[in-house]
Amino acid sequence: MMGVNILQQIFRWNDNDWSPVTPNDGRLIQVSVGNANNIWGVSENDAVFKWNDNNWSQVDPTDGRLKQVSVGSDGTVWGVNANHELYKYSNNYLFIDHGFSQISVGSASNICGIQSGKVYKLNVPSSQATADNIGQWTHIPGPPLFKYVDISADGDMWAIDTNNNIYRYICESDGSGYWLLVSSPDGQLTQIESNNGIVVGVNSGSSYIFKATDKYPKCKSIISGSRRLIMNEQV
């Protein structure tokens, strides 16, 4: 798990506390971890970076500008720019759609995002997504307006609504589903991430990290060290 604090410093969780990834350089406002070999981030001026050989390398400095990036466990990379335009990256940036405020990539087959407060899931593999395929998104209906969504490599979805309430998407055996409001000791979160049945989130007040220890719990809270972070993502 990695995260950034309000000073744009980058930290990695080492099972006991947060240790700096780049103590003397490297400033990011958001980081995304797909696996140990696929760690991406964006800076304050929307520049995109990838972690390579213990250093941050800028990706496509001429054309690439994103406000948020997400990388899946298989290395699939998508991002959103300041104009809410959605792109996927494979050696270069390919425009996919517009109107998205956030995107989450679990893998090439599990991608979802927020558009006008609604959650949409890509219904084709990442390699088949194009700007011309108007039927490639499926709306995942729910009563609230969402501002953040996360999807894991195995398709589990969690989301945060505009009031910082926590939801998990429950899939039924007949293929239908619904958003379940999940309680938390802290009450509210501003960000949530899930992978391999482990769910972590950042709360809305003190920016502590909370971890749910059981698979699909009603969110037990564990403060992961004393470091306060504003964004985090786990591998």
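Two strands are taken to pair if DSSP finds at least two bridges between them. W158 stands opposite R168 in β18.

Another open sheet, also of 4 strands, has the order β4-β5-β6-β7 and antiparallel pairing. Its edges are formed by β4 (30-35) and β7 (55-58); because each has a single partner strand, one side of each is left without a neighbour in the sheet. The twist here averages 30° from one strand to the next. Strand β4 is joined by 5 bridges to strand β5 (residues 38-42), and the two run antiparallel. Across this pair, V31 stands opposite G41 in β5. Strands of a sheet pair through backbone hydrogen bonds, either parallel or antiparallel.

Strand β9 (residues 77-80) takes part in two hairpins. With strand β8 (residues 68-71), β9 pairs in the antiparallel sense over 4 bridges, and the bridge partner of Q68 is V80 in β9. This hairpin has 5 residues between its strands, and G75 in the turn has a positive phi of about 90°. With strand β10 (residues 85-89), β9 again pairs in the antiparallel sense over 4 bridges; the bridge partner of W78 is K88 in β10. In the hairpin of β9 and β10, 4 residues lie between the strands, and H84 in the turn has a positive phi of about 65°.

In a regular strand the side chains alternate between the two faces of the sheet. Both faces of β9 are covered: V77 and G79 are buried on one side, and W78 and V80 are buried on the other.

In soluble globular proteins, nonpolar side chains tend to be buried together. The largest nonpolar core of the model has 13 residues, and those with the most contacts inside it are W78, L86, I103, L122 and W137. Two or more residues are given to this core by each of β9, β12 (100-107) and β14 (118-122). Strand β12 gives the most, with 3 residues. Leaving aside neighbours within four places in sequence, I103 is in contact with residues including W78, L86 and W137. The contacts of I103 also include Q68, S70, G79 and V80, as well as I111, C112 and G113.

S126 lies in the loop between β14 and β15 (137-140). The relative accessible area of S126 is 8%; S126 is therefore buried, since buried means under 20%. Not counting residues up to four places away in sequence, S126 touches T76, W78, K88, A108 and I111.

The mean pLDDT of the protein is 82, and 80% of its residues reach 70 or more. Over residues 214-232, however, the pLDDT is below 50, although this stretch has 76 contacts in the model beyond near neighbours in sequence. Where pLDDT is low, the predicted coordinates should not be read in detail.

Methods
Residues are numbered from 1 along each chain as its sequence is written. Side-chain values use heavy atoms; hydrogens and water are left out. Axes are lines fitted to C-alpha atoms, for helices over the stretch in contact, and angles run from 0 to 180 degrees between N-to-C directions. Buried means under 20% relative accessible area, exposed over 50%, partly exposed in between (1.4 Å probe, protein chains only). pLDDT is the predictor's confidence in each residue, from 0 to 100. Contact means heavy atoms within 4.5 Å. A nonpolar core is a set of buried Ala, Val, Leu, Ile, Met, Phe, Trp, Tyr and Cys residues joined through side-chain atoms within 4.5 Å.
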